[in-house]
Amino acid sequence: MSVDWSWIADHTDDLTTLTLSHLQAALTAVLLGLLISLPLAVLAHRVRRLRGLLLGLSNVLFTIPSIAVFVLLLPVSGLTRTTTVIGLTIYTLVVLLRNTVEGLDSVPARTKEAAKAMGTRPLRTLLTVELPLALPVIMAGVRIATVMAISLVSVATYIGDGGLGQLFTDGFQRNFPTPVIVGVVLTLLLALVADALLVTLQYVLTPWTRRQKQGA
């Protein structure tokens, strides 16, 4: 299986456009997943009766095959990028919701009690104490969700979207391996770069974890 380098050179602009489209769909889904999962996770953490319901519902949604999700959304949003983003967001919610709940659960009770004793209001405690301390676990979920979303964008090719997934379809239909190989390589590179950037972001946002390691 050889690579036609001249084809790559002739399609640089198309590859750039598809890569950016692929990345946009994945990142939009992760951001929407975060916006939805954060308040739901706080609710699940605070109200134990809702915890099992919310986590169980997210797990059920995750069992639905991705192609089926996109097909089910077609009557609602049609053959649009919106369908892709909604489908991907559903899958990110499973990881983001669970990790955020676990992150909030990991905050020591003594720390929250100390904040309460100082007269800190619940919302401020959440924003300045609980979420920052839960950030390492939350960021682990963001990393998983981002890589997962990048890999799943290609499935949206079946509804006329799919970013780099269009290269797979093109290559298979023409029995031409170069687009397939390029699509796989670019998808892997996107996932690796995105994960490295998120690791760096976590490193910057959690300086206390480095101090704890140094103290140990």
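Let me start with R174. At 46% relative accessibility, R174 counts as partly exposed. Keep in mind that this is a predicted model. R174 has a partner, D170, and the two form a salt bridge with the closest N and O atoms 2.9 Å apart. Both sit in helix 8, 4 residues apart, about one turn of the helix. D170 is partly exposed as well, with a relative accessible area of 24%.

Now the other salt bridges. The structure holds 5 of them. In general, side chains of opposite charge can pair when their charged atoms come close. Take R48 and D105: their side chains meet at 3.6 Å, N to O. R48 is in helix 3 and D105 in helix 5, so this pair ties together parts 57 residues apart in sequence. D105 is partly exposed, at 29% relative accessibility. There is a network here too: salt bridges with shared partners join R48, R51 and D105.

Next, D195 and R143. Their salt bridge is 2.7 Å, N to O. Again the link is between distant parts of the chain: D195 is in helix 9, R143 in helix 7, and 52 residues separate them. D195 is partly exposed at 21% relative accessible area. R143 is partly exposed at 29%.

Back to the end of helix 8. N175 lies in the loop between helix 8 and helix 9. Most residues other than glycine have a negative phi. N175 is not a glycine, yet its phi is positive, about 55 degrees. N175 is exposed, at 71% relative accessibility.

On to aromatics. How many aromatic pairs does the structure hold? There are 2. One is W7 with F176: ring centres 6.0 Å apart, planes at 80 degrees, so edge-to-face. W7 belongs to helix 1, residues 5-10, and F176 to the loop between helix 8 and helix 9, so the pair ties together parts 169 residues apart in sequence. W7 is buried, with a relative accessible area of 10%. F176 is also buried, at 18%.

F62 and Y91 also form an edge-to-face pair, 5.6 Å centre to centre, with 70 degrees between the planes. F62 is in helix 3 and Y91 in helix 5, so parts 29 residues apart in sequence are tied together. F62 is partly exposed, at 37% relative accessible area. Y91 is buried, at 5%.

Helix 4 next. Its 12 residues, 66-77, should span 16 Å at 1.5 Å a residue, and the end C-alpha atoms are 16 Å apart, which agrees. Which residues of helix 4 are buried? They are S66, V69, F70, L73 and S77. These cover an arc of only 90 degrees around the axis, which puts them on the same side of helix 4. What covers them includes helix 5 and helix 7. L72 and P75, on the other side, are exposed. After helix 4 comes G78, with a positive phi near 70 degrees.

Last, the records. An unreviewed UniProt entry places "domain: ABC transmembrane type-1" at residues 19-198. That stretch is 84% helix and 0% strand, with its end C-alpha atoms 19 Å apart. UniProt, again in an unreviewed entry, places "transmembrane region" at several spans, including 79-97 and 133-160. Residues 79-97 are 89% helix and 0% strand, and their end C-alpha atoms lie 28 Å apart. Residues 133-160 are 71% helix and 0% strand, with 42 Å between the end C-alpha atoms.

Terms used: Residues are numbered from 1 along each chain as its sequence is written. Side-chain values use heavy atoms; hydrogens and water are left out. Helices (H or I, at least four residues) and strands (E, at least two) are DSSP runs, numbered from the N terminus. The expected span of a helix is 1.5 Å times one less than its number of residues. Buried means under 20% relative accessible area, exposed over 50%, partly exposed in between (1.4 Å probe, protein chains only). The arc is that of the directions from the helix axis to the C-beta atoms. Contact means heavy atoms within 4.5 Å. UniProt positions are given in the numbering used here, feature names are shortened, and annotations may be inferred rather than shown by experiment. Rings of Phe, Tyr and Trp (its six-membered ring) pair if their centres lie within 6.5 Å; planes under 30 degrees apart count as stacked, over 60 as edge-to-face and the rest as tilted. A salt bridge is a side-chain nitrogen of Lys or Arg within 4 Å of a carboxyl oxygen of Asp or Glu.
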